[in-house]
Amino acid sequence: MTKKAKRNIVHKRFDSIVKGSQDTKKYRGLELTNGLRVLLVSDSKTRVSAVALDVKVGHLMDPWELPGLAHFCEHMLFLGTAKYPSEREYFKYLAANNGDSNAYTDTDHTNYSFEVRSEKLYGALDRFAQFFLDPQFTESATEREVCAVNCEYLDKVNEDFWRCLQVERSLSKPGHDYSKFAIGNKKTLLEDPRTKGIEPRDVLLDFYKNWYSSDIMTCCIVGKESLDVLESYLGSFKFDAIKNTRKERKIWKDSPFGPDQLAKRIEIVPIQNTGQVSIKFPFPDLNGEFLSQPGDYIAHLIGHEGPGSLLSELKRLGWVISLEADNHTIASGFGVFSVTMDLSTEGLEHVDDVIQLVFNFIGFLKSSGPQKWIHDELAELNAVDFRFDDVKHTMEKASILAECLHPKIRKNFETALKTSHHAFNLPEKNEYIPSKFDQKPREPVKSGYPRLISEDEWIQVWFKQDNEYNSPKQGIMFALTTPLVAKKSKNVVAFKSLDTIIEETYNARLAGLECQFESSSSGVQIRVFGYDEKQSLFAKHLVNRMANFQVNRLCFDISFESLKRTLTNHAFSQPHDLSAHFIDLLVVDNIWSKEQLLAVCDSVTLEDVHGFAIKMLQAFHMELFVHGNSTEKDTLQLSKELSDILKSVAPNSRPLKRDEHNPHRELQLINGHEHVYRHFQKTHDVGCVEVAFQIGVQSTYNNSVNKLLNELIKNPAYTILRTNEALGYNVSTESRLNDGNVYLHVIVQGPESADHVLERIEVFLESAREEIVAMPQEDFDYQVWAMFKENPPTLSQCFSMFWSEIHSRQYNFGRNKEVRGISKRITKEEVINFFDRKIRKGGAERRKLALGLWKK
Ligand SMILES: [Zn+2]
């Protein structure tokens, strides 16, 4: 046998890729002989490998007679290849190796990606490469997958976001590719073409053959192998054999918005109870300007929420609830800049005035000229690799952009552009930007878990100095428990107005201090995470603001209007969001339905809100947890300062007794019982079935087996319920933890009747059981092992994990380690036994709660 000559598959090499100074990964750029561009990344430390392949074809290239074809092609690509004909092969392989996959179709490109545990990159890449070499597009899959796309369409058709987007597309220049219909449905992909004598599958095959061309594809592979080994994979899986049909990367020089489309006012009747105005400007494609980010500069100033900003003036007038400025490239060659505002009822009466003010503000920005310091601050905030050389260029660009807004709008707004307005100022310097990144003095006690460092009748203080991540970051969690809130639905609503405090924290959020302020029926939780330097200051500010809460009449009215809108609009949510809420209402103690809260909204007065903090602080308990770059001394100091703030507001308050601050409780269902609740929703053309099996109070064993069981049925659920039976686009299973209780959920959102879906879920569970029984021992062991091959948690995730143990009063900080230990010893027989007892029809400990949400 003669040794085969090694094929040369590389046309060009790019070894000198610029990277950050901290980056230890190795990079190699290649252009293969067929024009495919590849970026290889070797990261010896990674446990998860990832691959993405992008092809420069999107729904703007759909043939006019088959709208949605690019998206449909993306769906069909996965369903079997010549080498691996099984439709499930790719997903099954990834699922068995702790992997996941994703794909999406955009305007001018389609993206396919997956991740998998590092040891299995080779096998996954083999299956993945086949999609671009020899996909089957079988006839049987074609009809079925049209149904899947149709379900996806039904999910979205009554969502305001998608409706508005389609109106924007449909009203663009006639004949412009942007005016096409992107998602596709049964009518556009199957019925209409067939009445015209067009066979969809034939067009699909042509579309693939024509557009899936190697010279408009780019691929990125990240693995722990060396660059040479990664490069050899390209040859092994014949990436160089992907067909090259010599396509050009398409650029739309012509904007979809010409003179006939611009300066128009379009009114849309929404499905939800909203009032929104959106002003859109055609914008150049700024993707080439990624270093200077001129679009971000303008969006930052128009979208700013500080004093002197456009939003603060619109809020002061009581017209606008929120404002968002955004620029993005729609497709190669053209983009859009938009200013979108949520209006109050009052604001709806003043739409023209609101628009006038937006143009006043743009005029103000133009006359102020570009500011270098703001650009520098932005660069610092975004931690972009900022190079001084680019400043001048950016500024010029930003100025040009402001200029190009000018001629494309109506005369009266041209006047507004030139009119100065007293209310506007450029933002002030952001005091929350950190400057110190040093490590705090090391504690003598090195502990892997949080420790209780102080406790009295008022407060428990938990602390852990970070000794793993060594980053200049920390998290602060502060919980205030008060029994007053849960007593009346009216209290919950009054208390909700405190959530507006978060809106005043714009600068801190810009400076990377994540902040959550959450009111619940048991009290309030404040979570801050980010650079440690300014964090205590910020936490004290928040607690102070809460304890001395005051708002003016106008802000109160706006915030209540916005709250009422949120509560009303909940009924229009996606069916699976509704079912999750209904299940909570059924089992969780002390919560109110959105309707109950809405019913009392109008009875809450400004005085109720102002008096609430004092009332709430008549009796309370606090928990503080600090984790990260901090010291025990600083934490105790912070705890004292926070306590002092609250006690000074309510000097006659008392600490709660132990039995007054129990964590949430849930209803325990009876063994062997099965409950089905039925609800209706009027918004969507799809319904939802959510089945929840109550496993019991969490224990290391329950958590482990349930988590494993969920991993074992996840992939079959997707394949059987979504792909084979086409019951819906949204199909999932989840191992969920709720207030310390364990559940297994199966969720199907789709157009079929709930009774039918309920029945199919039972049949599915039985077949999933058979699959586990028949699973070779080797595959099973693999699944168990793969479950824990995740990358280690980040500091922020660790912080949240520890907090959930503190807040649920279970204090089992080593739970994950224990779960890992136990899981490795779980046998297949144990999983089946668990399934038979708790999930299978007739099981002695089966507790099933199902929610069927019917469509209209
Ligand atoms: Zn899709």
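Me: What makes you place His75 in helix H1?

Reply: His75 falls inside residues 69–77, the span of helix H1; helices here are DSSP runs (H or I, at least four residues), numbered from the N terminus. By the way, this is a predicted model, where local features need pLDDT of at least 70, side-chain atom pairs count only at pLDDT 80 or more, and totals for chains, interfaces and linings use all residues. Residues are numbered from 1 along each chain as its sequence is written, and side-chain values use heavy atoms, leaving out hydrogens and water.

Me: Why is His75 called buried?

Reply: Buried means under 20% relative accessible area (1.4 Å probe, protein chains only). His75 has 7%, so the word applies. Glu152, in helix H4 (residues 139–157), is buried too, at 5%.

Me: What makes the link between the side chains of Glu152 and His75 a polar contact?

Reply: The term needs a pair of N or O atoms within 3.5 Å, one able to donate a hydrogen and the other to accept it. This pair comes in at 3.0 Å, so it qualifies.

Me: Which residues does the UniProt "binding site" annotation cover?

Reply: UniProt lists His71, His75 and Glu152, though such annotations may be inferred rather than shown by experiment. They span 82 residues in sequence, yet no two of their C-alpha atoms are more than 11.1 Å apart, so they gather at one spot.

Me: Which residues touch the most other members of the largest nonpolar core?

Reply: Phe114, Phe128, Phe132, Tyr212 and Phe239, out of 69 residues. Such a core is a set of buried Ala, Val, Leu, Ile, Met, Phe, Trp, Tyr and Cys residues joined through side-chain atoms within 4.5 Å.

Conventions: Helices (H or I, at least four residues) and strands (E, at least two) are DSSP runs, numbered from the N terminus. Buried means under 20% relative accessible area, exposed over 50%, partly exposed in between (1.4 Å probe, protein chains only).
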